[in-house]
Every structure is written in structure tokens, then in C-alpha cells.
Amino acid sequence: MTAPENTTPEHERRNPDFAIEGHGDISVGVKGAGASGDGSASATRITPGNALRPEDIALEIRRGQVKPNEDVAEYALRIGDDSLILAQRLGHWISRAPELEEDVALGNIALDQLGHARSFLTYAGAAWDKSEDDLAYFRREHEFRSAHLFEQPNGDFAVTIARQFIVSYYQFELYKRLTGSSDQTIAAIAAKALKEVDYHRDHSAQWVLRLAGGTEESRRRIVRAFKLVWPYVEELFEDDELTTRLAEAKTGVQPSSLRADFDHLTGAVLQEAGLEEELALERIPQSLGGGRQGKHSEHLGYLLAEMQVLAREHPGASW
Amino acid sequence: MASQNLQSVPAELSPEELEREQAGQAYFDRIISEDSRIEPRDWMPEAYRKTLLRQISQHAHSEIIGMQPEANWITRAPSLKRKAILMAKVQDEAGHGLYLYSAAETLGQSRDKMMEDLIAGKARYSSIFNYPAVSWADMGAIGWLVDGAAICNQVPLCRASYGPYGRAMVRICKEESFHQRQGFEILLELSNGTPAQKQMAQDAVNRWYAPALMMFGPPDDDSPNSKQSMAWNIKRFSNDELRSRFVGMMVEQVKVLGLTLPDQDIRFNEETKKWEHGPLDWNEFKDVLAGKGPCNAQRLERRREAHDDGAWVREAAAEYARKQAEKEFAA
């Protein structure tokens, strides 16, 4: 980031009350970033340190350093869509959570998911000369590749936690394996995401324990919540032609290969919570799914309508 | 509970108590005259404690209620980058609320009680959040003008005489400064965008300008508490002084934005060396403060709903913690 030229008036520089970092030079500090479009010059750079950012991937794409083949792009689109739809759901909790600490925690998880979505979508878009925003805002419902679990409504806090518990254990296993992908960009995004998803696992597991072992009311609600979202588990682990090809090329993994570890680790938490018998998860019928082929539930249309409305009112505009 | 002390200053003091009070007052006076810091365990006059508690809790409430107009646009943000920035910003505000409630708790009032007062409509928060955020450009105008005004107000508070408050403000101001840049960047992008985007930006600046100026509080001749707060080194500059500085900053920055401020009367007074602005509608300010703003009922109801809907979760967490402690004790 280039050092902004200092245009702070002398009297303000001398007065400690108005010399807070970045305040006096606001106009200059921001002007360069807005005009250049270079992510690294942005005043709103939000990822600290050297962590991989979507802007870095976009830069590599522009320089012609990376480009996914059609299969990898389609795969990145699936994973990116999962995270995007979940981020959109979780974002709704901010300012509505049961405790301020949870406004912060759910907001954090939403931000992490959105970050992963941006990276995967940016990368996927390179195959079709589309940006992350083209993909997020200008595709129609049947063009989204997210699994049904991610579009399930927030419900009460227990439903959100149950959904989050499944998602974070699934994503952890997925990203853990993708860090070894032969596609360097997929591996790099997965490596960053893995650390964050590990925290998401901890957050949701702690809440499953608390809700199951808290009051009668909370136990009733978490049981109901799991029954509501568990039908969407099977879809996450379904293999198809794409994943078979990717697994052979060692760029992706067969979803079914994640299932044993997922069952083992979630089972341990559910057992500690004393929920295993009561839930009898193996007896819950599994929904047919179809999200990977663009067949969605009734929920996604509303979610997209809200997410896309402003961008579509101003096609071609930049924000 | 320590907060009850506020109302129960004993009428008659024993000689020992009197001596302790006098020694406490002497220590307090010395700390203030040295422009040093009062810490939670130090003796302090009840009026000082009350003033701080009111100010810090109002500030915390403002952060929490202030999340709403912006959270309103998280799901509709027009690009994923803007969505991420906005989420992070609203999340920061929850964090600010948390530091401030913690600072206020050091004065002997629990966060639960403060939250109850807010929901019961007994506590105040910055009245600007009772205006609606109706367009995306409002995310820019709120960042640039509202957070900008907040920074002018709050940077001097980093030196407030009460330690926990001053320290909380240091971090808050750094983040607010970031938020203001983000707001500025949103407006700049809109202003350089399509005619419809530029119009959206100008419209937002027009709506938020006067309420932002009123955030500094009533004019000095109508602000009875300011003088005492300044004597206690809580407040460092008068409302009008801060407002004038703010106008001076905005008048320059709006040029870079390529927009205008909706005020024909802004001028730099060479005699007083201060920026002056046009008349503000203080009756509207008082009305909004009194609950007649467009969103007062909505904002409180949303907070109440989140609080009530979350009650079972908080009870579960408390009960689980109790059971865990019991288990550990038994083991």
C-alpha cells in the first residue's frame, strides 16, 4: 500500500485529539484505492497478514498465472455456492442473536464463509471470464450448485446451530483433503479455510453440548432442530461423474470418502451430548437432493431475490 | 449491588466515614487536577459515577441499536466485497458495545440491567439511529458522516479521566476511523458511477447531514451537563466546538467526493477562526429523542425481540455451566 500523501492541516497534526491514525488523510488514502481497482491498495483490506485473499486470486487470473479447467471450475462453483448461500443465511443473525457474543461469533463465521465463497467463485469464474459478482448476482436459481442444507432457513438458534454443526464437520473433512489437491489454487484456498472451519466446529459442538445439556426447553429445541436438518446430510456425500473425474485427477475428492470421518466425529459429540439414541439419525429419511444439478428447494428463490435485487437494478454498475 | 449506592448516600456520617470521604475527595481532586486517571476501585463522587454510567451505557446502547440500520443492508449489499466489509463493520459495532458495557460494569451496574433498561425504553441511545437507512448509499453516508461525527466526539474521550472508558475508546476510535474510510469509499464509488448511483449518493448525504451535525448535542447555551463533564476531564471540548471542527473537515472531504453538503450557510469565520453552519432544527432533534422519530418503535422492538427470543438460549447456557461446575465439584 503506497503511503498516502499527508494533507492533514498543521493544527490538526499538532493536536493529539484529532490526530488519530488514518483520520486526517482520509480523502487521499481512499481516492487511490477506489480509482485503481487494485485490491492491495484498498483502504478496506480486511484480511490481516499474508493470508490468501480473493483479490490475490483475481490478480493471478488477470496476469494469466492461473486458470482452472472446466471440471475444476465447476467443482469450485459447488463449494463456493455452498459457502455463499450459508453466509447469506448467517448474515441475517447479525443484530438478532441471543447474546452480543453470538452476534460477533455468527458474524465471524458468516464472514469466513463469505471469504471462502469469494475465493472459490473468483477462481471458478476465471474459466468463463466472469467475476465473483457476475456469478453471485447474475446467475439464476437453477444455475446455483449449492446443496440443499445450506439454503435451509435459519429457524431458531437451535436450527442454525444444528445446520452449522453438520456444515462445519463436513467442510473440515473436505478442506483437510483439498489442502493436498494437485490444483495449487484449490489447495491454497482450502488451507486458509481449514483453520477457520476448525473454529466453526468448536463453536457449533460447544453449543450442541450446551443446548442438549442445558434446560428441558433447549434440549427439546435441539432435538427438533436436528430432525429438521438431518435429511439434507446424505446429499453432501454423494459422488457423481464430476467428482469421480476430479478424484482421479487428484484435484478434488469423492464426497463419499469423507463420510466415515464425519460420522465418527459428529457421532462422538452427539454421544457426549446424550442425543444419539433420542435422535436415531440413521432412521431419518434422506432428501433426494439435487442441488449440484441446480434443482433446489423452495427456499433458494427468496434468498437470491433479496441478495441480488440491488445489483440487478443497476446492471454493469460498479460498487 | 453497588448500583444501589447511587441512591443511598447516608445522610449522617460517622467521624471515620467523614474522614474517609474527605480523603477520597482530596485524592480525586488531585487526580483530576493532574489530568491523571481514576480507576474502578478509586473513590469517586457519586455524581461522577452517575454521569459516567449514564454516558457509557448510552454509548454502548448506541452501538447496539446502531447495528440495525446497517444490518438492514447486509443481505442486499450489491457486491460480495461490500457485503464482507459491511458484515465486518456491524460486527465491530457489537464488539464496541461489549467493551463499553464492560467499562460501564466497572461502575457497578450489570450488563443485564443496562439491557433491561434499554428494552424498557428507560435508557437513551444516539437519536440518529431512529432515522431509516433506505438506500445502499446510506451505508456510505452513515460511515462518512455519522461515524465521522462519532470520531470527532470520541477521539477526545480517549483521554477521559475514567481509565476503563478512555482505554475502551482507543480501540473503538481506531475501528471507527476505518469505518469512516469505508463509508467515504462507498460514496466515492457511487459518485463516480452511473447518474443513478451519483443521485443515490447525493440523496443520502442530504438526508444524513443535519442529523449528523446534531449528534454533537444541543448548542452550548442549551447543554447544562457539559460544564461539569468538562471540569471532570470527561469531556474536553464543547458541543459547538466539536461541531464546528466537524463541519470544517466535511467541507473539504465533500469536494473530493464530488458531492455537496445541503447547507448554503457554511463559512469559515475569520474572526473566531471557526467554521459556521446553517440553522439546525432542534425541535426535530427533541422530537426524535422523545420517541417520535421514524424508527424509534421499530429499533426497540427489534432489540426486544432478539433479547426475548434468545432468553431460552441464555438460560440453557447458564444451566449447562451450573451443571458442569457441579460435576467438577463432585469429581
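Helices are DSSP runs of H or I at least four residues long, numbered from the N terminus. In this predicted model, A:Asp156 lies in the loop between two such helices of chain A, α7 (148-151) and α8. Chain A has 14 helices and zero strands, and 71 of its residues are in contact with 67 residues of chain B. The points below take up the fold of chain A, its interface with chain B, and selected residues of both chains.

**Overall build of chain A**

- Read along the sequence, chain A follows the pattern α-α-α-α-α-α-α-α-α-α-α-α-α-α.
- Of the 319 residues in chain A, 58% are buried.
- Among contacts in chain A between residues at least 6 apart in sequence, 78% join residues at least 24 apart.

**Interface between chain A and chain B**

- About 6,200 Å² is buried between chain A and chain B, and carbon and sulfur atoms give 66% of this area.
- Two salt bridges are counted between chain A and chain B.
- A salt bridge links the side chains of A:Glu99 and B:Arg111, at 3.1 Å from N to O.
- There are 17 residue pairs in polar contact across the interface of chain A and chain B, with both residues at pLDDT 80 or more.
- Several helices of chain A each supply at least two residues of the side that touches chain B, among them α2 (26-36), α4 (70-91), α5 (100-125) and α14 (299-313).
- Helix α5(A) gives the most to this side of chain A, with eleven residues.
- By class, the side of chain A that touches chain B has 33 nonpolar, 19 polar and 19 charged residues.

**Surroundings of A:Asp156**

- A:Asp156 is buried, because its relative accessible area of 18% falls under the 20% limit for that class.
- Not counting residues up to four places away in sequence, A:Asp156 touches A:Trp93, A:Arg221, A:Arg224 and B:Trp312.
- A polar atom of the A:Asp156 side chain lies 3.1 Å from the backbone nitrogen of A:Ala158.
- The backbone nitrogen of A:Val159 lies 3.0 Å from a polar atom of the A:Asp156 side chain.
- A:Asp156 and A:Gly214 are 58 residues apart along the chain, and their C-alpha atoms are separated by 16 Å.

**Surroundings of B:Ser62**

- B:Ser62 is found in helix α2 (residues 46-71) of chain B and is buried, with a relative accessible area of 11%.
- The side chain of B:Ser62 reaches the backbone oxygen of B:Gln58 at 2.7 Å and the backbone nitrogen of B:Ser126 at 2.8 Å.
- Leaving aside neighbours within four places in sequence, B:Ser62 is in contact with B:Tyr125, B:Ser126 and B:Phe129.

**Salt bridges**

- Over all chains, the structure holds 45 salt bridges.
- The side chains of A:Arg177 and A:Asp261 meet in a salt bridge at 2.6 Å, N to O.
- A:Arg177 lies in helix α8 and A:Asp261 in helix α12 (residues 259-272) of chain A, so this pair ties together parts that are 84 residues apart in sequence.
- Both partners are partly exposed, A:Arg177 at 24% relative accessibility and A:Asp261 at 31%.
- A:Asp198 and A:Arg201 join their side chains in a salt bridge at 3.0 Å, N to O; being three residues apart in helix α9 of chain A, they are separated by about one helical turn.
- In that pair, A:Asp198 is partly exposed, with a relative accessible area of 35%, whereas A:Arg201 is buried, at 15%.
- A:Arg220 forms a salt bridge with A:Glu217, the closest N and O atoms being 3.4 Å apart, and the two residues are three apart in helix α10 of chain A.
- A:Arg220 is partly exposed at 47% relative accessibility, and A:Glu217 is partly exposed at 29%.
- A network of salt bridges that share partners joins A:Arg53, A:Glu55, A:Asp56, A:Arg118 and A:Glu132.

**Positive phi values**

- Most residues other than glycine have a negative phi.
- Phi of A:Asp129 is a positive value near 60°; A:Asp129 is found in the loop between α5 and α6 of chain A and is exposed, with a relative accessible area of 73%.
- Phi of B:Asn233 is also a positive value near 60°; B:Asn233 lies in the loop between α8 (226-231) and α9 (239-257) of chain B and is buried, with a relative accessible area of 13%.

Methods. Residues numbered from 1 in each chain as written. Chains lettered and ligands numbered in written order. Predicted model: local features only at pLDDT ≥ 70, side-chain atom pairs only at ≥ 80, totals over all residues. Heavy atoms only, no water. Contact = heavy atoms within 4.5 Å. Buried area = accessible area lost by both parts, 1.4 Å probe. Salt bridge = Lys/Arg side-chain N within 4 Å of Asp/Glu carboxyl O. Polar contact = N/O pair within 3.5 Å; in protein donor to acceptor, adjacent residues only side chain to side chain. Nonpolar A, V, L, I, M, F, W, Y, C, P; charged D, E, K, R; others polar. Buried < 20%, exposed > 50% of the residue type's maximum accessible area, 1.4 Å probe, protein only.
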